[in-house]
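Please prepare a short report on the structure shown below.

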2 protein chains.
Amino acid sequence: MLSRQENAAQPFAQRVDSIIKRVEACLDEHLAGSDQLSHAMAYSVFNGGKRLRPLLVHASGELLDIDPDLLLAPACAVELIHCYSLVHDDLPAMDDDALRRGRPTTHLQFDEATAILAGDALQAMAFEILASEPALTARPNSALRMCATLARACGAQGMAGGQALDLDMEGQRPDKTALEHMFALKTGALIRASILLPACLRPELPAAAHADLTKFADCLGLGFQICDDLLDIEGETAVIGKTAGSDQALDKATWPALFGCDPARSRIAELAAEASICLDRVGGNTEALSWLTDRLLNRDR
Amino acid sequence: MLSRQENAAQPFAQRVDSIIKRVEACLDEHLAGSDQLSHAMAYSVFNGGKRLRPLLVHASGELLDIDPDLLLAPACAVELIHCYSLVHDDLPAMDDDALRRGRPTTHLQFDEATAILAGDALQAMAFEILASEPALTARPNSALRMCATLARACGAQGMAGGQALDLDMEGQRPDKTALEHMFALKTGALIRASILLPACLRPELPAAAHADLTKFADCLGLGFQICDDLLDIEGETAVIGKTAGSDQALDKATWPALFGCDPARSRIAELAAEASICLDRVGGNTEALSWLTDRLLNRDR
């Protein structure tokens, strides 16, 4: 493992692969069970995902000058939550998706009951890792703040609440405020948590910097979701790895469908600019988060 | 609130109602949202449940002489986990139950997607409360141990794993060891957590006492589940509040169905005796836990 000083000397782009490798090794260790449920959990996590949220944890940790050893548990935890949410979102009673990154979704590969339980157990595992990783439990106040921050991001005022609003909005025409509020919960809450978990290790961070970091995360999360909606309309199935146009098929409320593709691109640019201003105000080593922001808001998959 | 000294003077049976009232007031505060998801969560928690697990937390807390103010968060957390598990277990893909304590199950009262999300959000809320209750966060090491203990009890090596085994065993004839292992996870893990969460506040508890308390919890959990199976066969729908004989209809693996009702009653008596021996070995004020054990292993609903 590189030290923080060596880290700073190398651009984040060149360290992405080794960070992902380390996170996946840790996930692999926790997902080694040999029963059917454990297999379904591992299948749902080792799915060719881009591990954006663990990367956000690490990038935010670099900004805040956090020891990388303290970032592994929160990085794994946010990824486990993300993967559980995909499994449940894909269920027949929800978005009823057959493909996820080019493979059968968990309930098709196994069965529906197993998929529900795998999601449930992945959520529990996220909190187990956060609450028991030795590097973190040596800082119990920070670890506890992380548990609370992540739990809030997952619940009715976060991701689960956002998914409920999303289902409510099918076939509706919400206004921009309502749609963006739904996005802020459904996608934004976990992106925000990914960026704020490292800040749990910096209780001395001034309130203004914390607020700027939060605002940065919210711009990034919203821009990321609008990009996702654009890709669903404009992308090809082979490239995005899920059924293109699946949002339209479900009559989902999406930003470009409601307000147009060109305005969607302008909105993303606006959010990217705002994110950049907020990040500069936080200060510190912004290289990693800037690079990730650029990658997330200018992507074709 | 009574002090610990006053508590000891009054038998637990006379304090059950006030403990439940306090736990429910705390749950009510956290479940006050006005959106559909919050309504489904509240519906799933305020369901006429007996709050056995919060009572176990309090009874175990009395044994270990824990300040009752520190027991409220874990009591709420275990009840939220229990309620979420009922919502998910009742889903069509799982046990497909229509009635729960005489009322429509959550997916029938709302819809399936809402029930899945309500369960997900209730699980998150359990960890949010454990990780953010001020009385507890003042003891961050203990609170963190509670989070880890509860998370392990919920996951693939606990409740979710047990429910997966239970579904696997439908139509099977497992031997006694396999069946009791499934019970130890499905029902036992959360009962054990209820009894061990207060011990997270007593890191100085000798290992032998901790082991005896764990063994006590495991006997209680297993006996409780065998009682449940007996009631499902012998009880009437009106008394037990769910469809009597529903286990048989699903061809569930149950203790009395596989090994007989009289042997089931003997096994419960054996477990009750073993629980009592373990509890006496732990020592301290065993009145509350003894009373609860008797109530749980000699019940008609």
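## Surroundings of A:E79

Leaving aside neighbours within four places in sequence, A:E79 is in contact with A:L27, A:R51, A:R53 and A:P54, where contact means heavy atoms within 4.5 Å. A:E79 lies in helix α5 of chain A; helices here are DSSP runs of H or I of at least four residues, strands are runs of E of at least two, and both are numbered from the N terminus. The relative accessible area of A:E79 is 2%, which places the residue in the buried class. The classes are buried (under 20% relative accessible area), exposed (over 50%) and partly exposed (in between), computed with a 1.4 Å probe on protein chains only.

## Basis of the model

The model is predicted: local features need pLDDT of at least 70, side-chain atom pairs count only at pLDDT 80 or more, and totals for chains, interfaces and linings use all residues. Residues are numbered from 1 along each chain as its sequence is written, chains are lettered from A and ligands numbered from 1 in the order in which they are written, and side-chain values use heavy atoms, with hydrogens and water left out.

## Salt bridges

Side chains of opposite charge can pair when their charged atoms come close. A salt bridge is counted when a side-chain nitrogen of Lys or Arg is within 4 Å of a carboxyl oxygen of Asp or Glu, and the count over all chains is 28. In chain B, B:R15 pairs with B:E62, with the closest N and O atoms 2.5 Å apart. This pair links distant parts of the chain, 47 residues apart: B:R15 is in the loop between α1 (4–9) and α2 (16–30), and B:E62 is in helix α4 (residues 52–63). B:R15 is buried at 3% relative accessible area, and B:E62 is also classed as buried, at 16%.

The side chains of B:E204 and B:R202 form another salt bridge, at 3.9 Å from N to O. B:E204 is exposed at 54%, whereas B:R202 is partly exposed at 22%. Salt bridges with shared partners also join A:E24, A:R51 and A:E79 into one network.

## Contact between chain A and chain B

The contact takes 37 residues from chain A and 37 residues from chain B. About 3100 Å² is buried between the two chains, and carbon and sulfur atoms give 74% of this area; buried area is the accessible area (1.4 Å probe) that two parts lose on being put together, summed over both.

Two salt bridges are found across this interface. One of them joins A:R152 and B:E128, whose closest N and O atoms are 3.6 Å apart. It runs from helix α9 of chain A to helix α7 (residues 112–132) of chain B. A:R152 is partly exposed, with a relative accessible area of 41%.

## Cysteines

How many disulfides are there over all chains? The count is zero, the criterion being a pair of cysteine sulfur atoms within 2.5 Å. A:C227 is in no disulfide, and the nearest cysteine sulfur, that of A:C261, is 12 Å away. In chain B, B:C261 is likewise in no disulfide; the nearest cysteine sulfur belongs to B:C227, 12 Å away. A:C227 is buried at 6% relative accessibility, while B:C261 is partly exposed at 23%.
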